[in-house]
Structure formats: structure tokens, C-alpha cells
Amino acid sequence: MNIGEKTIADAGRGGAGGAASGIGVIEVTALRRRYGAAGRRAKGEPERGRRSRAGTRESYEAVSGIDFTVARGELFALLGTNGAGKTSTLELLEGLAAPSAGRVRVLGHDPFRERGRVRPRIGVMLQEGGFPAELTPEETLRMWAGCTTGARPVEEALGSVGLDRRRNVRVKQLSGGERRRLDLALALLGRPEVLFLDEPTTGLDTEARHVTWELIRELRDSGTTIVLTTHYLEEAEELADRLAILHDGRIATAGHVADVVAAHPSHLSFELPDGFHLGDLPPLGELGVISHETTGRTVRLRTNELQRAATGVLVWAQDKGITLRGLDVRSASLEEAFLHIAKGLENT
Ligand SMILES: Nc1ncnc2c1ncn2[C@@H]1O[C@H](COP(=O)(O)OP(=O)(O)OP(=O)(O)O)[C@@H](O)[C@H]1O
């Protein structure tokens, strides 16, 4: 499938590339970001840039013309493999860099050129925050609160991320997960209208992750617009109203989680009893099966019409009076959709 066509089609029906409702608090149009010289590149990642005569990478386009809109109070997740362009995109939204081409508007302003108008209204949690190592979380928050208009009480900020009991420990003695929580507390301090979270739960243990999800949900429910990047598909499924999966700097697919998942085939598998063969099943095409494979006696069917395929197989089994052992019927998951896109199969 052509990536550009898909993005445009999705934007057209307003449920995917376009915001769910209302005017976008964040509007991104034909956005591009090119880095000047050879930079960081994930191991094994193919190069996608101009080359100098010496053969080194001269410039590199990390964001290659993307469009999306996020409505007020919406939580939008950016997913993608390492190096797909998530952080490069987020930094443009945060006003930390100017795009090479295209347009970004956050709360109606250009976040880079009109930084003074946008910055007080947004909260930013970078992928790697830097704190003075000798300060405690409480001192760090007090210092930030001093520079923030209308800051939350420091107590409240510490409590919201579960750092109350670690308030007096020096930052250098905090665990990685505790530092992430301090990062989040700083991003929330100014009661932002728009919150950007770059991998907010990386390094958190399961309990802390769930507590953070709860906090993010509360913020969203109280009207905060949130854009987050994550490598945890479960996190996107739990939190996101809509998401975009980036691949090679482009939006490979975007939409509500259920729609993104529904665009990928479901699976049906079972064991054929002794004496039966694949050819004994009703014609697979008539059951809406798009492909199949067999391993030993196990049959695996892929279909975009799960109910029809499952009904056909079950009615057949009942008519024959047989029990299908190992019967497994499942819709595609976000993980399958993601892996499909990550392998570049969306273009085929
Ligand atoms: N300062 C830079 N100079 C040159 N290239 C860069 C720079 N920063 C990022 N890149 C390249 O841009 C591409 C996208 O990087 P980016 O950090 O946006 O990806 P990502 O999707 O956030 O990845 P990850 O999941 O690993 O954080 C990568 O190929 C990276 O090497």
C-alpha cells in the first residue's frame, strides 16, 4: 500500500490522520526535518541521506513530510522502531528545532518562532532529562517552580509521581525509574495545556508504569492534550485515543487503535483430526480466508472476515461430528500491526 495514499485517505475520513473533533491544538502539515551532517544512526539501520564524495552521510532526512492533527483533550501516540523519527518529530512540536520544511502549530502558534508564547503553556518530558546531580527531587522542583508561572505546589507534584518518600535523596542516588518520575513531575509543574512525553515509562517497573498511566489518564480526562512516544504497544493500547506509526520518517498508518488493528488480518488455527486433510475443509476462499499454512496437523488461516471464517470451520466440524483440538481464534493485535509495518510490509 502506498504510504502517502493511506495517510491522505485516513486524514479524509477524519478519524485517523485528522483530529477526532474540533480545531487541532496541534497541527502538523508536510513536516520535514533534515539533519545537516552524519549523525546518530541505529545499528543496522539503512542510510537515507545524501552522501558526500568521501562517501560519508552529508545530510539526513529524519522526518519526511508528515501530517497530523491533535484535538484538545486528546492523547495521541507516536510509535515506530528505533530511528523512525519520533523524537525528531516531537522536538519540532516542542519548539526545540525549526523544521526544514512544512508547518507546525501548537495552540495556534509556531512553537519555534513564537517560543515565548507557547513555552509557558506546554510541558515537556524529554527522553533524557538532565538534573543537577547534587540537588534532591524537592529542591529540583522548588527551583523549577521558581521559574514557572502558576506552578503546582511542590508537595502535590512529588505526590502525583510517587516520589514523596524520596524527596530528600540526592538525584544522583535515584534509580533510573525514579529520575523518569522526577522528569514527569517537572513537566507537570506548570499545569500545561499541552504535554509532550518522550518515552515516559521507559525504565519504570510494572507498578510504577501503571501508576504513571493512571496519572496520564487523569491529565487527559481533565482536558490536557497529550502527545507521547512509546516503545510499549500495550501503553499505546491503554492510553491513546489515536496513534500514528512512523516508519522511515513517514506515517505508515494512523488512526484509532481499533481501526489500525482492524486493517490487519485475524488468525484462526486448529488441529485437523486424523483422517482429515486440508482439502476436506469447505473452499477456503468462500470462508474469506486470504492465506493458509499447515505444520504437521496444525492448520493456520488468515482472514479479514474472522466471523465468517470461524463460523464456516465450526459448522463444518459440527457436521462431521469432530472436535477441533487447539482451536484458537484471534483478532490481529497492535503488536502484529506494528511488526507488519516495521518490516516495511505496508508498502508491498
Ligand atoms: N542530531 C542529529 N544529527 C543527525 N542525525 C540525527 C540526529 N538526531 C537523530 N538523527 C537521526 O534521525 C533519525 C531519527 O532519529 P529519532 O531519534 O528521531 O528516532 P526515534 O524514532 O525517536 O528513535 P528511538 O526510538 O531510538 O528513540 C535516526 O536515523 C537518527 O540517527
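**Note on the predicted model: contacts, sheet, helices and cores**

1. Of the contacts in the protein between residues at least 6 apart in sequence, 71% join residues at least 24 apart; two residues are in contact if their C-beta atoms, placed from the backbone, lie within 7 Å. This is a predicted model, in which local features need pLDDT of at least 70 and side-chain atom pairs count only at pLDDT 80 or more, while totals for chains, interfaces and linings use all residues. Residues are numbered from 1 along each chain as its sequence is written.

2. The secondary structure comes to eleven helices and 14 strands. Helices (H or I, at least four residues) and strands (E, at least two) are DSSP runs, numbered from the N terminus. Buried residues make up 38% of the 348 residues. A residue is buried if 20 or more other C-beta atoms lie within 10 Å of its own, exposed if 12 or fewer, and partly exposed in between, with C-beta atoms placed from the backbone.

3. An open sheet of six strands runs in the order β6-β7-β8-β4-β9-β10, with mixed pairing; two strands pair if DSSP finds at least two bridges between them. β6 (122-125) and β10 stand at the edges with a single partner strand each, so one side of each is left without a neighbour in the sheet. On average, neighbouring strands of this sheet are turned by 15 degrees against each other, direction ignored. Axes here are lines fitted to C-alpha atoms, for helices over the stretch in contact, and angles run from 0 to 180 degrees between N-to-C directions.

4. Two of the pairings can be given in detail. β6 and β7 pair in the parallel sense over four bridges, and G123 stands opposite L195 in β7. Strand β7 (residues 194-198) is joined to strand β8 (residues 225-229) by five bridges, and the two run parallel. In that pairing D198 stands opposite T229.

5. In a regular strand the side chains alternate between the two faces of the sheet. In β6, I122 and V124 point one way and G123 and M125 the other way, and all are buried.

6. Helix α2 (residues 86-93) lies across β4, β7, β8 and β9, and runs at about 150 degrees to β8. α6 lies across β6 and β7, at about 170 degrees to β6.

7. Helix α4 (residues 137-146) has P137, T140 and L141 buried. They are on the same side of α4 because they cover an arc of only 95 degrees around the axis, the arc being that of the directions from the helix axis to the C-beta atoms. The cover over the buried residues of α4 includes α5 (154-160) and α6 (176-188).

8. In helix α11 (residues 334-342) the buried residues are L334, A337, F338 and I341. Their arc around the axis is only 100 degrees, which puts them on the same side of α11. Among the elements that cover them are β4 (75-80), α8 (233-239), β9 (242-247), β10 (250-256) and α9 (257-262).

9. The largest nonpolar core has 65 residues, of which A77, A185, F196, V227 and L243 touch the most other members. A nonpolar core is a set of buried Ala, Val, Leu, Ile, Met, Phe, Trp, Tyr and Cys residues joined through C-beta atoms within 7 Å. Not counting residues up to four places away in sequence, A185 touches L141, A157, L158, S160, V161 and L163. A second, separate core of nine residues includes L268, L287, V299 and V313.

10. Two backbone angles deserve a look. Most residues other than glycine have a negative phi. A30 has a positive phi of about 45 degrees although it is not a glycine; A30 lies in strand β1 (residues 24-35) and is exposed, with 12 other C-beta atoms within 10 Å. D248 also is not a glycine, and its phi is positive, near 55 degrees. D248 is found in the loop between β9 and β10 and is partly exposed, with 19 other C-beta atoms within 10 Å.

11. Two loop residues remain. D280 is in the loop between β11 (266-271) and β12 (289-295). D280 and S160 are 120 residues apart in sequence and 60 Å apart in space, C-alpha to C-alpha. Y232 lies in the loop between β8 and α8. The C-alpha atoms of Y232 and T202 are separated by 8.5 Å, and the two residues are 30 apart along the chain.
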